[in-house]
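Please consult the sequence and the model while reading.

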Amino acid sequence: MTFFNPFHKAVKADGSSSHPQKALPCDPDILIDVAQRLCIRDKISLRLANRAMHNVCANEMYRDISGVSLEQCFKVLNHLKENPDTLCLVQRLTLRPSLLPTFGKTTVDGELQLGLTLRKLAPRLTGLKSFFWDGAELLQPDDIWKDLREASPLLRSIRTTIGTIPFKEGSELFKFQDLLEFEIVSKSEGLGMRRLFFSSLDVFDTFPTALIDMLKDRCPDLEKLDLGGYGRRIQQRCFDIRPFLDARWPHLNSLSFGTIVSSKLLEPNNEPFCDFLEGHDKLRTVNFWTPSVRPLPRTLPITAFTGNCMQLSRQHLSNIKELNLAVQPIESLILRSVISHLTTYSTQLEKLALWIDVEPVPIEDQLTDIPGYVAMTAEEQTDHVTLLERLLTGLPTGVLKSFSLTCSSRTKHTFDLIEISNLLSQYPSLRDVHLGKVHKLGEEDCRITASRLATSLPNLDTVSVWHFARPFDDWRKQPLVREYGIYDVIRQRDASPLRLNGRELRMGLKTPTKKLILHDLRPKTPSKWDRIVARNKSR
């Protein structure tokens with residue numbers, strides 16, 4: 001006699017189950033996109049939900065793995081250690097244990113333990129193509145670079161940070177070959193602090209010879225080079241880049257120089273640096289985080305630029321799609337000229353970032369001797385809304401997607417956020433908006449400004465609002481933040497705003513206050529009491 005077992009799975013002759021697979025809850029492409037945005041623990045849970053989920057997501061969700069704090073980086077590596085079969089699926093690994101520029105001994109010791117954990121996993125990272133390390137110091141121990149180089153034959157992109165620890169001349173980091181992307185970012189104080197007190201001195205370190213030889217001799221197909229990283233911190237170490245000026249990479253399309261660039265290299269009469277730029281005719285992205293007056297070669301067909309507005313010509317402006325002029329403050333007299341050039345020659349501009357410092361200049365100190373120059377009164381110089389409206393209305397309609405504005409003027413000269421947000425609401429093509437200004441008494445909260453922009457701009461995805469504690473005019477120093485809010489706009493199926501997801505920070509007397517935000521943007525339905533009051537008023 002045989003008994004029926006309801007939990008027994010019928011198996012076909014070929015070994016497969018006769019039970020049908022569960023249907024996916026949504027389109028596979030949508031599921032993969034959602035899976036890539038989850039943390040490592042949720043990715044594993046999603047993969048183990050059922051066989052259909054596993055078949056669709058197993059190879060895709062582990063392609064890009066990242067951790068943005070020391071604690072999260074440990075969680076990522078520990079989960080990968082518990083699931084060793086997923087290590088071969090990782091193609092891009094990002095570890096950022098120290099996002100802040102300041103650090104202490106505890107952070108450095110934690111990064112060392114993180115490096116030891118990574119070293120145990122390195123031999124199984126056979127599919128790794130890109131590795132990004134953002135720590136307070138260079139990744140330790142040094143043998144990790146050797147393990148990654150031997151276990152990951154497809155590794156072609158390396159991004160790393162350096163700190164106060166001196167370079168090791170024979171470091172395994174300098175023994176790679178055939179790299180396509182290489183970035184080295186300075187985050188420490190080092191010799192950079194000497195520039196704080198002796199700003200007239202040109203103090204810099206030297207890159208190891210092994211690093212120079214690796215990039216010049218063993219990486220002929222280099223496509224992206226970043227020496228110094230982004231930002232304008234004076235505490236960054238300053239390096240001598242002159243040994244790279246005779247190198248030529250035929251496929252180089254992105255070049256970035258941070259504050260490590262010696263100021264002598266940016267003088268207009270420096271021929272080696274000019275020849276270096278002209279020798280790379282495929283450059284499309286150029287970033288100079290150090291203020292410079294050196295004009296770019298007119299032959300460079302760049303589409304993205306960070307630096308001084310005086311470095312660009314009319315030919316450059318006609319091709320540029322991403323323009324970041326927030327390297328140093330633009331005064332009101334120069335801002336009028338910048339607006340004129342942008343509205344006349346920029347026809348493809350999609351991203352624009354400005355840093356303005358509008359302090360009124362007396363008429364007697366203005367350049368009134370220039371033919372055609374019209375002097376500006378103090379009211380005209382500090383009228384931000386009129387100047388920005390002239391800029392935005394002059395750009396082609398529907399092209400600008402991202403707008404960032406930082407104003408470091410004194411409190412009495414800053415604009416009101418409600419004025420700027422009302423101005424930006426007239427440009428529905430905007431997807432990203434970032435506003436920063438010096439805080440003044442009676443200023444509205446960051447969340448109110450973000451809500452107004454989210455409800456008035458139908459395509460807005462992200463918005464951030466920053467309030468600075470005091471004016472600042474030195475490009476080498478980070479501004480003191482009073483409060484900020486960074487939000488993602490969540491929309492309904494009909495594109496109407498649903499809520500704001502984000503985080504806020506407000507500086508207190510001793511410690512900052514941080515909190516996560518879920519702010520509902522839907523119109524509130526009037527209560528029964530409100531309807532009765534409205535009915536009585538209408539009588």
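Q: Which side chain meets that of Arg149 in a salt bridge?

A: The model is a predicted one. Side chains of opposite charge can pair when their charged atoms come close. Here the N to O distance is 2.9 Å, and the partner of Arg149 is Glu172.

Q: How many residues apart in sequence are the parts that Arg149 and Glu172 tie together?

A: Arg149 belongs to helix α6 (residues 143-151).

Q: Is Glu172 buried or exposed?

A: Residues under 20% relative accessible area count as buried. Arg149, at 23%, is partly exposed. The relative accessibility of Glu172 is 11%, and therefore Glu172 is buried.

Q: Which strand holds Lys224, the salt-bridge partner of Glu183?

A: The side chains of Glu183 and Lys224 form a salt bridge with an N to O distance of 3.1 Å. This pair links distant parts of the chain, 41 residues apart. Glu183 lies in strand β5, while Lys224 lies in strand β7 (residues 224-228).

Q: What is the relative accessible area of Glu183?

A: Lys224 is partly exposed, with 27% relative accessibility. Glu183, by contrast, is buried, and its relative accessible area is 3%.

Q: Where does Asp246, the partner of Lys216, lie?

A: The closest N and O atoms of the Lys216 and Asp246 salt bridge are 3.0 Å apart. Lys216 is in helix α8 (residues 209-217), and the pair ties together parts that are 30 residues apart in sequence. Asp246 is exposed at 55% relative accessible area, and its place is the loop between β8 (239-240) and β9 (254-257).

Q: How many salt bridges does the structure hold?

A: Some residues are joined in a network of salt bridges, namely Arg119, Asp143 and Asp147. For the structure, the count of salt bridges is 18.

Q: Is α14 roughly parallel or roughly antiparallel to α15?

A: The axes of helix α14 (residues 417-424) and helix α15 (residues 446-456) come within 9 Å and cross at roughly 15°. Angles under 35 degrees count as roughly parallel. Therefore α14 and α15 are roughly parallel.

Q: Which residues make a nonpolar surface patch of about 230 Å²?

A: One member, Leu38, is found in the loop between α1 (28-36) and α2 (40-47). Leu38 is partly exposed, with a relative accessible area of 30%. The residues that make the patch are Ile30, Val34 and Leu38.

Key
Residues numbered from 1 in each chain as written. Predicted model: local features only at pLDDT ≥ 70, side-chain atom pairs only at ≥ 80, totals over all residues. Heavy atoms only, no water. Patch = residues over 30% accessible without salt bridge, like charges linked within 9 Å, V, L, I, M, F, W, Y side chains within 5 Å. Areas by Shrake-Rupley, 256 points an atom, 1.4 Å probe, with all protein chains shown as cover. Salt bridge = Lys/Arg side-chain N within 4 Å of Asp/Glu carboxyl O. Helix = DSSP H or I, 4+ residues; strand = E, 2+ residues; numbered from the N terminus. Buried < 20%, exposed > 50% of the residue type's maximum accessible area, 1.4 Å probe, protein only. Axes fitted to C-alpha atoms, helices over the stretch in contact; angles between N-to-C directions. Parallel < 35°, antiparallel > 145°, perpendicular 65-115°, else oblique.
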